[in-house]
Amino acid sequence: YTHLLQVSGQTYLLHFVNALLTLSIFGADMALAETHDLTAAALRLDAVRTHALWRNGTATHLLLAGSWLGRPQVAVVPMPPHGATTALQSRFQAQVPSCSSPTACTVVSGIAVLGSIAFLTLEHPAGLVLASLDLAAAAVRRSLPLDGASAGIRVTAVTADAVLGAFFIAANLPYDPSIIYKVNTTTLEPYGVARMRTRGVTQ
């Protein structure tokens with residue numbers, strides 16, 4: 001997993017491979033300023049699917065979403081990574097009924113943040129489970145299976161809109177065109193679904 005992002009005027013290069021996350025920090029002149037290595041064991045994260053940024057007052061945290069030992073995981077990493085990381089896996093098992101079984105949810109496949117609330121998609125053998133997570137309290141506010149999502153569906157992107165009070169999920173079944181879900185941020189109920197007619201060239 002590789003991605004570039006901007007935080008407080010600095011450019012971060014994220015590179016996760018072979019159970020190691022390398023964070024390279026570049027200054028405004030793009031000169032390498034710092035490099036940090038975080039192991040999968042330290043993060044309690046052995047697969048990364050996506051990420052988001054959480055800005056909490058003057059602090060910024062990187063949220064890495066994926067899995068640890070076959071169960072959903074979100075690792076919270078301070079930016080720059082000079083402090084301790086936090087793993088939120090136990091919250092999913094204890095506070096999301098659809099994910100309580102060891103063979104239930106397998107990965108956090110999508111994440112979007114509005115304020116201190118993260119909206120998550122968790123892949124499940126029967127489809128998708130949605131959850132809203134209060135990052136400040138490290139507690140799940142609400143969760144429920146996504147109505148209409150089929151077994152084998154895979155999330156490719158999640159984004160949120162504060163004005164609309166909604167978040168959007170792009171997902172697809174293998175070899176099928178994408179499906180876009182529009183979901184209410186309070187109830188987690190979908191109130192709009194758009195099905196693409198054809199697959200893109202990169203799918």
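I began with contacts (heavy atoms within 4.5 Å). In the protein chain, 36% of the contacts with a separation of 6 or more join residues 24 or more positions apart.

The model is predicted, so I noted its limits: local features need pLDDT of at least 70, side-chain atom pairs count only at pLDDT 80 or more, and totals for chains, interfaces and linings use all residues. Residues are numbered from 1 along each chain as its sequence is written, and side-chain values use heavy atoms, with hydrogens and water left out.

**Whole chain**

I looked up the secondary structure next. The protein chain has 2 helices and 16 strands. These are DSSP runs, numbered from the N terminus: helices are H or I with at least four residues, strands are E with at least two.

The radius of gyration of the protein chain is 17 Å, close to the 17 Å from the globule rule for 203 residues, so the chain is as compact as a globular protein of that length. The radius is taken over C-alpha atoms, and the rule is 2.2 Å times the number of residues to the power 0.38. I read the span of the C-alpha trace along its principal axes as about 45 × 40 × 35 Å.

I then checked burial. Of the 203 residues, 45% count as buried. Buried means under 20% relative accessible area, with a 1.4 Å probe and protein chains only. The accessible surface is about 9700 Å², and 54% of it belongs to carbon and sulfur atoms. These areas come from the Shrake-Rupley method with a 1.4 Å probe.

**The sheet**

I turned to an open sheet of 4 strands. Its order is E5-E6-E7-E8, with antiparallel pairing. The edge strands, E5 (47–56) and E8 (86–87), each pair on one side only. Two strands pair if DSSP finds at least two bridges between them.

What joins E5 to E6? I found antiparallel pairing over 9 bridges, with E6 at residues 59–68. Trp54 stands opposite His61 in E6. The two strands form a hairpin with 2 residues between them. Gly57 in that turn has a positive phi of about 65°.

On to E7, residues 71–79. E6 and E7 pair in the antiparallel sense over 9 bridges. Leu64 stands opposite Ala75 in E7. Their hairpin has 2 residues between the strands, and Leu69 takes a positive phi near 55°.

Last, is E6 mostly covered or mostly uncovered? It is mostly covered, with 9 of its 10 residues buried.

How values were computed
Buried < 20%, exposed > 50% of the residue type's maximum accessible area, 1.4 Å probe, protein only.
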